[in-house]
Amino acid sequence: MPNQPNLIDGSSKPVKTSNVPEADIDFGSVVKKVKEKWNLSPWLTLQYLTAAQFAVKTDTFLQVLNARIEYGKSRPQVTNSLANINKEIDTRVSNVKGYIADKYGKENATSYYPAFGIEFINKSYTIAKDQNTRLEALQLMANAIVEHDFIDKTYGQNYWDTIKTKFTDFLETASQLDASVSSKVGDKNILKKDLKKALNSIILIVKANYPENYKQELRVWGFQKEKY
């Protein structure tokens with residue numbers, strides 16, 4: 001939108017919106033201005049929606065949009081944490097393979113790998129890349145470390161218990177964030193559909209009441225186009 005701030009609170013300072021569509025930010029600015037103008041224009045009425053009801057829908061839409069923006073700020077941090085811990089896990093699996101080879105011999109080592117959650121994947125022995133499967137493999141690793149008496153090794157029981165706990169926490173946080181944003185996107189889309197219907201109705205009423213200068217009046221209401 002030309003000459004319009006990209007902030008849903010109407011201020012002039014730009015906001016980082018991550019992967020939130022700019023169209024939603026612009027739409028939020030429009031409904032906020034229409035809400036304010038409608039509250040000052042009691043002459044305009046709709047049979048199916050009051051100014052107060054429109055205000056509630058608008059405020060809820062803006063709240064959901066803000067929550068979506070916050071998700072966009074938080075999710076990359078969790079993604080980065082998972083990437084880092086996955087890299088560390090891949091490195092330390094090599095240490096465990098060394099422990100196994102030292103105790104059982106190189107020729108026998110691979111037969112012990114499955115007990116530690118280690119599989120032959122893409123031409124190398126490692127643990128699963130899929131996050132949920134990797135979590136199961138970490139549990140196998142933690143159990144096997146104890147069972148095969150690697151408890152006091154540098155990368156022994158304390159290390160793998162800590163890694164498993166951190167990995168679990170990161171996965172749960174990511175899952176909660178993703179579930180939350182999925183719900184909010186659905187809520188946002190429903191609200192946006194209702195608000196678009198109201199905006200189009202208001203535009204028609206403004207056109208009917210200002211046949212000579214409706215374009216100017218629509219701008220006063222905050223509209224930047226004549227149909228939504």
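Start by selecting D149, which sits in the loop between helix 4 (131–147) and helix 5. Helices here are DSSP runs of H or I with at least four residues, strands are runs of E with at least two, and both are numbered from the N terminus. D149 has a phi near 60 degrees, a positive value in a residue other than glycine. Most residues other than glycine have a negative phi. D149 counts as exposed, at 57% relative accessibility. For these labels, buried means under 20% relative accessible area, exposed means over 50%, and partly exposed is in between, using a 1.4 Å probe and protein chains only.

A word on what you're looking at: this is a predicted model, where local features need pLDDT of at least 70, side-chain atom pairs count only at pLDDT 80 or more, and totals for chains, interfaces and linings use all residues. Residues are numbered from 1 along each chain as its sequence is written, and side-chain values use heavy atoms, with hydrogens and water left out.

Next, go to K123, in the loop between strand 1 (119–121) and strand 2 (124–126). K123 also has a positive phi, near 70 degrees, and isn't a glycine. At 78% relative accessibility, K123 is exposed.

**Zoom out**

Show the whole chain as a cartoon. You'll find six helices and two strands, running α-α-α-β-β-α-α-α from the N terminus on. The chain is more spread out than a compact globule, because its radius of gyration is 28 Å, well over the 17 Å that the globule rule gives for 228 residues. That radius is taken over C-alpha atoms, and the rule is 2.2 Å times the number of residues to the power 0.38. Along the principal axes, the C-alpha atoms fill a box of roughly 90 × 30 × 30 Å.

Buried residues make up 40% of the 228 in the chain. As for contacts (heavy atoms within 4.5 Å), take the ones with a separation of 6 or more: residues 24 or more positions apart account for 68% of them.

**Along helix 2**

Select N86, in helix 2 (residues 51–104). N86 is buried, with a relative accessible area of 13%. Beyond its neighbours within four places in sequence, N86 is in contact with Q131, R134 and F167. Now pick S81, also in helix 2. S81 is partly exposed at 24% relative accessibility. Draw a distance from S81 to Q131: they are 50 residues apart along the chain, with C-alpha atoms separated by 13 Å.

Then slide to L49, in the loop between helix 1 and helix 2. Buried or exposed? L49 is buried, at 7% relative accessible area. Which residues does L49 contact, leaving aside neighbours within four places in sequence? They are W38, F54, K57 and A198. L49 and A198 are 149 residues apart in sequence, yet 7.7 Å apart in space, C-alpha to C-alpha.

Select N200 in helix 5. With a relative accessible area of 19%, N200 is buried. Setting aside neighbours within four places in sequence, N200 is in contact with K227 and Y228.

Move on to G222, in the segment after helix 6 (214–221). G222 is buried at 7% relative accessibility. Not counting residues up to four places away in sequence, G222 touches V30 and K33.

**Last stop: the largest pocket**

Select A23, D26, F27, K225 and Y228: of the ten residues lining the largest pocket, these lie nearest its centre. A pocket here is an open set of points on a 1 Å grid over the protein atoms alone, where a 1.4 Å probe fits, with protein on both sides within 12 Å along at least five of seven lines; lining residues have an atom within 4 Å of a point. Helix 1 (22–39) and helix 5 (157–209) are the elements that give two or more residues to this lining, and helix 1 gives the most, with four.
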